[in-house]
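Me: I have a model open and want to go through its packing. Can you take me through it?

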Amino acid sequence: MIEYSPKKKNVVNLDGGLVDVWRHMTVKDVSTSAKRSLDDIQEAMLFVKGIENLESTAQLDDLKIIQEIVKRVGARILIVGAPSDNANEDESIDRDVTPRPPAPPDLLKPRAPVVTVMGHVDHGKTTSLDSLRGANVASGEAGGITQHIGAFMVDLESGEKVTFLDTPGHAAFSSMRAHGAVAADIIVLVVAAEYGVMAQTKEVISLAKDVNVPIIVAINKIDKPEADIELEDHGGDVQVVPISSLKGINLPLLAEAVSTQATLTGLKADYTGLVEGVVVESKSDPRRGKLSTAIVKRGTLRKGAVLVSGLAHAGVRGLFGHTGKPIRIVKS
């Protein structure tokens, strides 16, 4: 009987004949990278000049020697950087971006309030904002219905600045209203005097309670004959201002109510360090690329910054104010 020792099967290199090599790799490293047995590599080394140690732990400092070994096993080399010893450890590192700890009091400075305007569709939200900032957005909206969140800054007569968010009132845009509520310091709830409390009105009150944001109720369209400004009791901490956005009646009182509420809230922010904020809305423009409407809550935003939101990240190529003009920085 003749007994044959089974031949050791070579593992075929599946990388098209290319073997990753780097300076100071060991004999074992060459075996692993070439996907060949250690015996094969050591056998090839016997035919390469300048090799004195065939041990698996022996270090090969000369790339020409490594190239000759790989050539002997029928492959070509691809010079790469040495793999990190901490490669596996790096994979387990938590790379989530989290907000910084609260800033020390000495870094806090007063900031402008973010006011989100909400209410039922066709109760006059956008017209009220148009009157406050001297614009006419409402007339250009499809069917008179706001279909996105508009953000802009208004200079009040007192000299204070206020950032306003105009949210859709239609029932189909409830998620947008939720985003607007999260970004807000104050919510102005516009209720038409001729209709009173309706479905989206109740939704806004619920949202405000959920995020613990104070409400100012603006009773709009008081100039109409059918207006009924008798209201249920909203509690002592809710300001109620009767207005007519179309006629401009009591709009200074509404601005004053916003200013008073902002003062009572004592809004302050840290202008230093990494920026933090809320992405209100994002879209893709065919000419300008990806655009986001964002409210900066902390820090200073500059061109070139890298922003992370959820699983998305992007570099800031440009900053624009609500008028569309480029700006250099945005502070909270």
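**Packing notes**

Reply: The buried residues of helix 1 pack against strand 1 (18-21), strand 2 (25-26), helix 2 (38-45), strand 3 (59-60) and helix 3 (63-72). Helices (H or I, at least four residues) and strands (E, at least two) are DSSP runs numbered from the N terminus; contact means heavy atoms within 4.5 Å. This is a predicted model, where local features need pLDDT of at least 70, side-chain atom pairs count only at pLDDT 80 or more, and totals for chains, interfaces and linings use all residues. Residues are numbered from 1 along each chain as its sequence is written, and side-chain values use heavy atoms, leaving out hydrogens and water.

Me: Which residues of helix 1 are buried?

Reply: In helix 1 (residues 27-34) they are Val27, Val30, Ser31, Ser33 and Ala34. Buried is under 20% relative accessible area, exposed over 50%, partly exposed in between (1.4 Å probe, protein chains only).

Me: Other topic. Which residues touch the most other members of the largest nonpolar core?

Reply: Val115, Phe164, Val188, Ile216, Leu254 and Val258, out of 22 residues. Helix 8 gives the largest share of this core, six residues. A nonpolar core is a set of buried Ala, Val, Leu, Ile, Met, Phe, Trp, Tyr and Cys residues joined through side-chain atoms within 4.5 Å.

Me: And where does Pro104 lie?

Reply: Pro104 is in the loop between helix 4 (87-91) and strand 5 (108-110). Pro104 counts as partly exposed because its relative accessibility is 39%.
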